[in-house]
Amino acid sequence: MTKAPLILASASPRRLELLRQIGIEPAAVDPAEIDETPLKNELPTVYAQRVAGAKAAAVHARRGDAFVLAADTVVAVGRRLLPKAEDVDTARTCLELLSGRRHRVVGGIVLAAPDGRRATRVVVTSVAFKRLSPRELDAYLASGEWNGKAGGYAIQGIAAAFVSFLSGSYSNVVGLSLYDVRQMLTGVGFEP
């Protein structure tokens, strides 16, 4: 085990809250500024792993003396990646697509160790939404909770009432699979 610090390569306040939930306090938060544009015909699992890896590499290049934890979360319907909703029209489109059907939340996680080792995981959670009425959809959009969220929703908020089925890691849907992160940290010798 080594006492090297842990750097969270993410601007997501949800990921920081999740780590704190299991008693892990990163020494610093250092978001990676990378291009997250999906490649043509890129599958959701490949995309999530690639982007998480690029985030880890960018931050590890500046902080090679530390453990660097990076993640990316995407919502997918079939092979289709849903965007992060940055405006109400995008959020509406995503939620209308998710209404009454199953989708996958894919989390890519990469941990870079100071000695150059890397641990990588892809976590897939299956989620089903109830059929949303026009009133439910409008009320959710009015809440603003969708803003900046993959697929236009936050399961840890109001949208929890829309979830009729979930199989897999709940924390993955929020933004980071805590079970997998803990296993990865232990595996590369991080001592909290």
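This is a predicted model: local features need pLDDT of at least 70, side-chain atom pairs count only at pLDDT 80 or more; totals for chains, interfaces and linings use all residues.
Me: Is Tyr 47 buried or exposed?

Reply: Buried means under 20% relative accessible area, exposed means over 50%, and partly exposed is in between (1.4 Å probe, protein chains only). Tyr 47 has 6% relative accessibility, so it counts as buried.

Me: Which residues does Tyr 47 touch?

Reply: Contact means heavy atoms within 4.5 Å. Leaving out residues up to four places away in sequence, Tyr 47 touches Glu 36, Thr 37, Pro 38, Glu 42, Asp 72, Val 74 and Leu 81. Take Leu 81: Tyr 47 and Leu 81 are 34 residues apart in sequence and 9.0 Å apart in space, C-alpha to C-alpha.

Me: What about Asn 41: where is it found?

Reply: Asn 41 is in the loop between strand E2 (28–29) and H2. Asn 41 has a positive phi of about 60 degrees, although it is not a glycine. With 61% relative accessibility, Asn 41 counts as exposed.

Me: On to strands. How many residues of E3 are buried?

Reply: In a regular strand the side chains alternate between the two faces of the sheet. Here, eleven of the eleven residues of E3 (residues 67–77) are buried, so this strand is largely enclosed by the rest of the structure. Both faces are covered: one side has Phe 67, Leu 69, Ala 71, Thr 73, Val 75 and Val 77, and the other has Val 68, Ala 70, Asp 72, Val 74 and Ala 76.

Me: Which way does E3 run with E1, parallel or antiparallel?

Reply: Two strands pair if DSSP finds at least two bridges between them. E1 (residues 6–8) and E3 run parallel and are joined by three bridges. Leu 8 has Leu 69 of E3 as its bridge partner.

Me: And how many bridges join E3 to E5?

Reply: Nine bridges join E3 to E5 (residues 102–112), and these strands run antiparallel. Leu 69 stands opposite Leu 111 in E5, and Ala 70 has Val 110 as its bridge partner there. E3 also pairs with E4 (residues 80–82) in the antiparallel sense, over three bridges, with Val 75 opposite Leu 82. The hairpin of E3 and E4 has two residues between the strands, and Gly 78 takes a positive phi near 65 degrees in it.

Me: How many residues of E5 are buried?

Reply: Nine of the eleven residues of E5 are buried, so E5 is largely enclosed by the rest of the structure. Eleven bridges join E5 to E6 (residues 118–129), which run antiparallel. Leu 111 has Ala 119 of E6 as its bridge partner. In the hairpin of E5 and E6, with five residues between the strands, Gly 116 takes a positive phi near 95 degrees.

Me: What does Val 188 touch?

Reply: Val 188, in the segment after helix H6 (178–187), touches Phe 67, Leu 111, Ala 113, Arg 117 and Ala 119, not counting residues up to four places away in sequence. Val 188 is buried, with a relative accessible area of 7%.

Me: Last one: at what angle do H3 and H4 pack?

Reply: Two packed helices are described by the angle between their axes and the distance between the axes. Axes are lines fitted to C-alpha atoms, for helices over the stretch in contact, and angles run from 0 to 180 degrees between N-to-C directions. H3 (residues 88–98) and H4 (residues 134–143) pack at about 140 degrees, with their axes 11 Å apart. H3 and H4 are therefore oblique to each other; angles under 35 degrees count as roughly parallel, over 145 as roughly antiparallel, 65 to 115 as roughly perpendicular and the rest as oblique. The contact is made by Val 88, Ala 91, Arg 92, Leu 95 and Glu 96 of H3 and Leu 137, Asp 138, Tyr 140 and Leu 141 of H4.

Methods:
Residues are numbered from 1 along each chain as its sequence is written. Side-chain values use heavy atoms; hydrogens and water are left out. Helices (H or I, at least four residues) and strands (E, at least two) are DSSP runs, numbered from the N terminus.
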